[in-house]
Every structure is written in C-alpha cells, then in structure tokens.
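Morning, everyone. Please have the sequence and the 3D view open. I'll keep this short.

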Protein chains: 2
Amino acid sequence: MRILVLGGDGYLGWPQSLYLSSKGHDVTIFDNLSRRHFDLERGFNSLTPIEGIHERVAAWHEISGRQIEVCIGDTLEYGALAAVFQNVRPEAVVHFAEQRSAPYSMIDREHAVYTQTNNVIGTLNVLYAIKEFASECHLVKLGTMGEYGTPNIDIEEGFIEIHHNGRSDVLPYPKQPGSWYHLSKVHDSHNIMFCCKIWGLRATDLNQGIVYGVETEQTQQDARLATRFDYDQIYGTALNRFCVQAATGYPLSVYGEGQQTRGYINLRDTIRCIELAITAPPAEGEYRVFNQFTEQFSLTQLAEMVVAQSKRFGLEAHIRYRPNPRVEVEQHYYNASHTRLIELGLEPHLLNGAVLESLIDLAIQHRAHIDKNLILPTVNWRVTKNDIDNLSS
Amino acid sequence: MRILVLGGDGYLGWPQSLYLSSKGHDVTIFDNLSRRHFDLERGFNSLTPIEGIHERVAAWHEISGRQIEVCIGDTLEYGALAAVFQNVRPEAVVHFAEQRSAPYSMIDREHAVYTQTNNVIGTLNVLYAIKEFASECHLVKLGTMGEYGTPNIDIEEGFIEIHHNGRSDVLPYPKQPGSWYHLSKVHDSHNIMFCCKIWGLRATDLNQGIVYGVETEQTQQDARLATRFDYDQIYGTALNRFCVQAATGYPLSVYGEGQQTRGYINLRDTIRCIELAITAPPAEGEYRVFNQFTEQFSLTQLAEMVVAQSKRFGLEAHIRYRPNPRVEVEQHYYNASHTRLIELGLEPHLLNGAVLESLIDLAIQHRAHIDKNLILPTVNWRVTKNDIDNLSS
C-alpha cells in the first residue's frame, strides 16, 4: 500500500515508518523537522543518539534493502503538501505532524498560537489535500486521550449514547481538554468529522494514551535506526522523567497529589494499532474513533513501579511530591473504554518489570549525557508568560 | 462601564455600540473593517445605505452628544489588540470580531483557512489580552446556535447532565457544527472554557440564533446611524433573501426540503440580551452559555410567512424549492432550550406581521439597488473550490 507518514521523523513517526516499510508498504515521510529545530534552538536533546533523517533512511536501505522516500516540507505550506499528495497518491495517510507537547503550548501566547495554527490549520490543509488529490485515501490521525479530560462517567470511544428527556441520540463524546495542545486535537477531531460528512472522507481518529518505550523489532536492528527518548520538561513524559531521575539519584518528581490517572501504551502496540487501522479502513464517509491505550496508571503508581524496579540496579530511588504546574483535577474517576483495537487484533505488550528495567537501563547507559537542568518544570499553566530558559534545578 | 466592542462596525456590532453608548457606557469600537473590504473586493453591498465608521460616530455624537471611540485594528495583530486593552482597561468586552458567514468559509481552502485562523487565533489573542491587561473583565462572546447542529435530543444551554453506566456528570453539550465557520465557533467555545478554568476568566458564550431586522431605537434616529441589510448569497440570511425576492417578483428560494428548523431572534432582542449579560456578569472562573434566540421556524414556515405578508403590498410571491448547496439534514427534530436570558429579564420581540412588513417594505424601498445576481447560491459544500464570481441568475 502507498502510505504517506506526516511527521515521519519524530518519536513515533520514525518507528512507524520503519515498521510499515518492513511490511512491504511504500512509505513516504513528510516532515518539517520542527522537533529537531526545537532541540537546536534550546539545547535540548534526545537521550538516545539519533541520526539525521537522510542517514536514517540510508541505514534502513542498507539493512533491509527497502526504500523510504523523504520529503521535507510543512503542512502549513499547501503547495508542498499538495505536491507530495500528487506524487505519492497515498492510499493511507498517517498524520503525526503536529506540535505534540502540552507544556510547549502553555509557554506563552506565541507558543499557544503556533500550536493551534500548526495543528488545526495544518490538518485543515491535509483534509483539503486528501479531498483534492486522494479522495479515497484513509486518514489515520493521531489524537490523544487527553481530549476527554477526566469526566465523572466512563469514557467511550469517540461517541456516547445520550438519553435525555425521553429521547436519545449517539453524539460526539463531550471533551474537556487541559492545554492548548490538547484543545488543538479536539478542534482537529471536529474538523475531520465534518469532512467525513460533507466530502465522504474516511478517517480513523486515534485517541492515544501516553506512549512509552523506544524499542521495536526494526529500531533494535541497528543503532542508526534508534528513535528518540525525551526526558526534558517540554517533551518528556512522566515515566521517562522518573527513569532518568532514578538513574541519576534524584527524587522522582510527582506533580500534585499524584492520583492523576491516564492511559498508557507501549510503542510496539502504537505502531501495531496504526497498522490494524490501516488494514481495516472505515467506509466512505465514516469517521471512527479508537481509544489507543492498553492500561491505566496514576502518577504515583508509575513512580512506585520505577522505585521498585530501580532496586534491581542497586538504586535507592524515592518520590518527592511537588506543586503541580498544570491546572488539573488530582483526584478523579477514570475509566476509559479501549476495546475496538483489541477487537481488530491488538495483543498488548504491558508495562511489566522487564519493560521498566529496559527503560531504567537505557537511562543508566546514557547517564553521562543527562542534563538535569532540563527536567524540572518551568511552565506554569496559571500564567501567560513562562521563561523556559530560566530553568530551575 | 468601560466596554470594548470588537467588531463594532458590523451588522450587530454597530447597533450594539449605539445602544450601550445610549445607556451611558463608555464604548470603544475595535474593528478591522474586513466586512466592508469584502464588499469592495466583490462588488457586494448593504441594501440599506450605511455610512463609514468615522461618519457614523460623528453623527452619533451630533445626535446624542455621546462619544464612541474608534480604533481600527485586527485581533490577529496582538500589538494593536494589547494597546486598545491597555488604553481602555475594559470592564466588559463584547466580541463580534469574527468572520461570520458559513458560505464564505466554504468557498475554498483559502477562505476556510482565513475563517478558522481569524476566528480561533483572533479569539486566542483576545483571551491573552484579557488575562494580561484586564483580568477582571467580562468576555461576552458571540457564538451560534449552529454549533449544536441538529441532535435528536433537546438542545440545552451549553451543558448537559449525562447519566451513563450508573454514574453521572454535567458535561459540555456535544457539538455537530455544519461549516468551517460554525466549527470555528465550537473551537472558540472550548478555548474560552479552558481559560476560565486555568486563569479564572469570566465569560458568557452567547449561542445566538439567526438575527433579523435593522431597526433599533438608536438606528431609527437618523439615516446615518443605519446598520447593514445583507441579502446576498454569502452574508444574507434566508429571511432577508425571501423579502428581497418577494419585493422583486422572484420566487422565494428554499434550499432542500425546507424543513430545516433554526432559532431566530430580533436585532432589538440581541442587543438587549448582551446588555443583560453585561449587567449580570459571571463569577470569577465561570464559563456560562446562553442560547440567544426567541423562536424556532423552519425555512418553509419563514417563506410562507413572507408570502402571506407580501400580499399586503399587492405582491404575488411564491416559493421555489431548490437543490440544497449545504450538506445538512433536512428533516430533523429540533427543540432548543432558551430560558436563561428570559430569566435575566429579556422580553422578546417576536417575528410578527408588522416586523415582516417592515422588512418587505425596506426591500421595496430599495428595490432599485437590488442586484439579483448576488442572491442565488454558488457555494456548494460538496466541493473544495467554488467560484463566487461565476454567479448564477
């Protein structure tokens, strides 16, 4: 199948592209390299050394004999986007090409505007490009479980049947996103649903949990195929941060009461889910939503798991609770449905001791390169201007 | 009270500014004149002659002795927006400064991008300006009843109590908007709700029905105070179109089956509603939603009312059903709550014979200036490029 991977140079886009290529698909990556630009601008870096995009695909060709095409371009530039659609005539588009960090979006007005413009208008351009140049193409769009917020009822997959005043309807699940980034994904979801209705596009919106892990069958084949591991306050997840803190003898920083519960998914399952979505496309005009995660944990649970596992390395990790830089409910009900991908055939890799061990081991291996100044949060949701260069330690 | 009216030169913004000024408020208008620019660009015009913004406020000063300040600027230019906030230090902001036409937003990709950028990012800037320069200020934001779409259950005012799997919560009412324009308003609503939560802003989101009428106590005082009357395919409403068609002997064009039902409100009630919202502001951190309409009609009902009333002028109007250029359900349940503004004291002016007579009379008076080429729709929701200069007759 001809597959266009928007944002194919990123943490998820790269292993996704490798995986789809390994399965014999014709993969083209479209990426504006904005994630790398941020690192260059701010002095951030992936803890795992990563190659440039051209070196990556050359290494993959050398190892597998397979060719991934690369096109450097921006979804905001419609000419570039239209050209890649016209050249590739994709049968599926996997769309990772969004600013993906909540703290980034909350730095200040400029970063909020960038996030909502890049994500919402970029996706609007993608929708027009599909309709104009590849109208049968299946859009697989990365959303986030964070779109739902933390309602006091079960979270369903995209839609909910509501009974009200003696009548009923199945309606889009109400959203309560918690950052400009999360909001941009909600806006996208509404825009995509609309295009399925008016133009008959077919789309899968994947409300993904927090992804962990760096290893896939393909990335493990050669160090040059590695994907990134972020532990900094902007792009790092809590789990990565905990592993790095455990490896360096710093307290594991839990924000607020630590009872915030979210869905999680292994990188291997993420790339498999997207394959499952691609191989079972929706009908013309169908907009479907899958909740793409496999387990739920609270922050404290995650931290305690890292503390326990780090003992195997002789590390004496402990937890320190810190003021929450985010505005979010810290004690809440959370029960989210996630059956549709299982029904399609997903066999989850769960967050067990071996997985945690490999992540802590990765942090230990690269300990010399950890910049502790990047870890603690300086982006406060409550103010309109945060100075992320003024890092606390 | 110091009140900033964003978009104060428009169809609603102008009579709103006059009304608030007449009540003794200090009114400042901020407007980028984009609506007038569109007329200049495309050869469209208001059927009622309207004065320039500077002539308008000079006439108002001459007639009332009151001063409305004018600042020409764009919500997308944060410097200009910040300056007016710093100068005025508003206690309330009434936000009309959005691209307000669904067909405009559906012309092509460029108009879709303009609509979502202008409306969503413009409002994002307004939110930052409030937080940074007038954090106690009450934002009164114009939304639309079109945000809800046509669900098969009663439409509530912004929020709905959902019972699901033995639990319950009050959640944002699910939205199913029907154009890029309507979508932009849904995006705004989510963004505004978020700012109330994280920054403690106070906001009233007015999901307004379709407004009709041009006369208010103030606009009637002098021809130079008139507000616009649009009958064209881009900015005109169905009711205005019907009146113009009746006045010129053309069939009243009803799209589709004509059973599409929407909420309607008289211009006099709109400006009163906004005053009611301003004088009873929400608490710090409160995001509230009012459905701002007073009656529901189907398209066919409206057309039949115009046919009946036009007989008083000796006109033999009749209805012609036409293919629907929009993608929308034409037979649907529709029952929307609208009690909160009534509770605050709104006394509705309903769409009776006298009101219809005055609108038809206005069309007859200005018959010589009606450009029939502007009336019939050339913007089709189903395609990505519409040529609005290629007007059908």
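This is a predicted model: local features need pLDDT of at least 70, side-chain atom pairs count only at pLDDT 80 or more; totals for chains, interfaces and linings use all residues.

Let's take the salt bridges. How many salt bridges are there over all chains? The count comes to 42.

Find Lys23(A). Its side chain meets that of Glu275(A) in a salt bridge, at 3.9 Å from N to O. Where do the two partners sit? Lys23(A) is in the loop between helix H1 (13-22) and strand E2 (26-31) of chain A. Glu275(A) is in helix H9, residues 267-279, of chain A.

Glu275(A) is buried, at 8%. Buried means under 20% here, which is why Glu275(A) gets that word.

Next, Glu41(A) and Arg42(A). They form a salt bridge, with the closest N and O atoms 3.5 Å apart. Glu41(A) is partly exposed, with a relative accessible area of 49%. Arg42(A) is partly exposed too, at 22%.

Now move to Lys141(A). It forms a salt bridge with Asp188(A), and the closest N and O atoms are 3.0 Å apart. Lys141(A) lies in strand E5, residues 138-144, of chain A. Asp188(A) lies in helix H7, residues 180-199, of chain A. So this pair ties together parts that are 47 residues apart in sequence. Both Lys141(A) and Asp188(A) are buried.

Salt bridges can also share partners. Which residues join into one network that way? They are Arg35(A), Asp39(A), Arg100(A), Arg228(A) and Asp230(A).

Now switch to chain B, for the helices. Two packed helices are described by the angle between their axes and the distance between the axes. Look at helix H1 (residues 13-22) and helix H3 (residues 53-64) of chain B. They pack at an angle of about 25°, and their axes are 12 Å apart. Angles under 35 degrees count as roughly parallel, so H1(B) and H3(B) are roughly parallel to each other. Their crossing is right-handed.

Which residues make the contact? From H1(B), we have Trp14(B), Leu18(B), Ser21(B) and Ser22(B). From H3(B), we have Ile53(B), Arg56(B), Val57(B) and Trp60(B). The residues of this contact divide into 5 nonpolar, 2 polar and 1 charged.

That's it from me. Thank you.

Notes:
Residues are numbered from 1 along each chain as its sequence is written. Chains are lettered from A and ligands numbered from 1 in the order in which they are written. Side-chain values use heavy atoms; hydrogens and water are left out. A salt bridge is a side-chain nitrogen of Lys or Arg within 4 Å of a carboxyl oxygen of Asp or Glu. Helices (H or I, at least four residues) and strands (E, at least two) are DSSP runs, numbered from the N terminus. Buried means under 20% relative accessible area, exposed over 50%, partly exposed in between (1.4 Å probe, protein chains only). Axes are lines fitted to C-alpha atoms, for helices over the stretch in contact, and angles run from 0 to 180 degrees between N-to-C directions. Angles under 35 degrees count as roughly parallel, over 145 as roughly antiparallel, 65 to 115 as roughly perpendicular and the rest as oblique. A crossing is left-handed if the near helix is turned anticlockwise from the far one by less than a right angle, and right-handed if clockwise. Contact means heavy atoms within 4.5 Å. Ala, Val, Leu, Ile, Met, Phe, Trp, Tyr, Cys and Pro count as nonpolar, Asp, Glu, Lys and Arg as charged, and the others, Gly among them, as polar.
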